[in-house]
Amino acid sequence: MTTAHDPELTKAADDVNGSGPPVMLPEPEGAIAEAQAGGRPMIVFDAVKKVYEPNVVALEDVSLTIDKGEFVFLVGPSGSGKSTMVRLLIKELEPTSGRIIIGGRELGRLKKKLVPILRRNIGCVFQDFKLLPNRTAFENIAYALKVQGESSAAIRSKVPEVLALVGLSHKGASYPDELSGGEQQRVSIARAFVNHPPLLICDEPTGNLDPDTSVGIMQLLYRINQTGTTVVMATHDREMVDKMRRRVIALEDGHLMRDERRGGYVNR
Ligand code: ADP
């Protein structure tokens with residue numbers, strides 16, 4: 001049975017067009033934004049293969065295109081290659097063969113000095129939040145901006161704005177251990193989105209959260225997608241994937257098994 005018309009998520013869609021806090025479009029910056037303006041695909045995998053030493057084939061001949069503005073689920077059992085895809089996208093890993101193109105730029109040819117710009121244009125959200133425990137929610141987001149060389153004035157204006165966007169204006173002074181799991185994930189999404197990157201990559205963002213909290217996180221990611229940001233989300237969360245009826249790319253043993261425009265977690 002599918003739950004395509006889940007009232008919670010329908011409401012999320014309505015909220016996006018309604019009275020929620022304003023969401024700014026990403027500022028044009030770097031190769032990805034250029035590509036957005038030109039209407040090129042956001043992500044291209046061209047016959048990508050990844051073999052870990054000595055001989056673990058994590059991805060085999062994966063080819064796909066993700067257009068700007070899409071919301072894509074990446075699904076598959078543990079060990080199917082999802083995290084490898086995510087790590088290739090942020091150039092934390094290099095493919096063994098094949099090409100990866102993001103925003104019109106082939107990552108294999110990207111000059112070293114441009115890698116920080118690539119990373120600044122890709123927000124990342126992880127299952128375990130990766131927040132600094134000895135810093136407040138505000139400071140966690142501010143720290144990410146500082147590392148990128150942002151001015152104090154920019155930090156003072158951007159952090160409250162993004163905290164409001166994720167519904168945590170009142171929690172800026174809280175430390176991670178004073179926040180619920182869902183709130184911690186909101187802070188980590190705020191940190192990933194504070195510069196309004198054109199691409200947001202989420203690796204199991206609801207993996208540590210209960211179903212109700214996960215719905216709230218999905219609503220937030222949906223709203224971020226509605227601002228024009230491309231969202232790629234690796235997940236095990238079958239129920240969520242089935243509810244959202246978005247594009248589903250399914251991996252199995254490193255092979256691309258399925259690519260459906262409005263899919264569910266498994267073939268029906
Ligand atoms: P998923 O995210 O879907 O669980 P992964 O991309 O983490 O899958 O893993 C794909 C395959 O690659 C698995 O067989 C895994 O054991 C292997 N693998 C992942 N990372 C490494 C690594 N650093 N060294 C060797 N093998 C790895």
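This is a predicted model: local features need pLDDT of at least 70, side-chain atom pairs count only at pLDDT 80 or more; totals for chains, interfaces and linings use all residues.
Residues are numbered from 1 along each chain as its sequence is written, and side-chain values use heavy atoms, with hydrogens and water left out.

**View 1. Residues of the shell around the ligand.** The ligand is surrounded by Tyr52, Val56, Ala58, Pro77, Ser78, Gly79, Ser80, Gly81, Lys82, Ser83 and Thr84 (a heavy atom within 4 Å). Four of these residues are nonpolar, six polar and one charged (Ala, Val, Leu, Ile, Met, Phe, Trp, Tyr, Cys and Pro count as nonpolar, Asp, Glu, Lys and Arg as charged, and the others, Gly among them, as polar).

**View 2. Backbone atoms and ligand oxygen atoms.** A polar backbone atom of Ser83 is 2.8 Å from an oxygen atom of the ligand. For a backbone N or O atom of Gly81 the distance to a ligand oxygen is 3.0 Å, and for a polar backbone atom of Ser80 it is 3.1 Å. The protein covers 61% of the 560 Å² of accessible area that the ligand has on its own (Shrake-Rupley method, 1.4 Å probe).

**View 3. Secondary structure elements at the ligand.** Two or more shell residues come from each of β2 (56–67) and α3 (82–89) (DSSP runs, with helices H or I of at least four residues and strands E of at least two, numbered from the N terminus). With three residues, α3 gives the most to the shell.

Terms used: A polar contact is a pair of N or O atoms within 3.5 Å; within protein, one must be able to donate a hydrogen and the other to accept it, and residues adjacent in sequence count only if both atoms are side-chain atoms.
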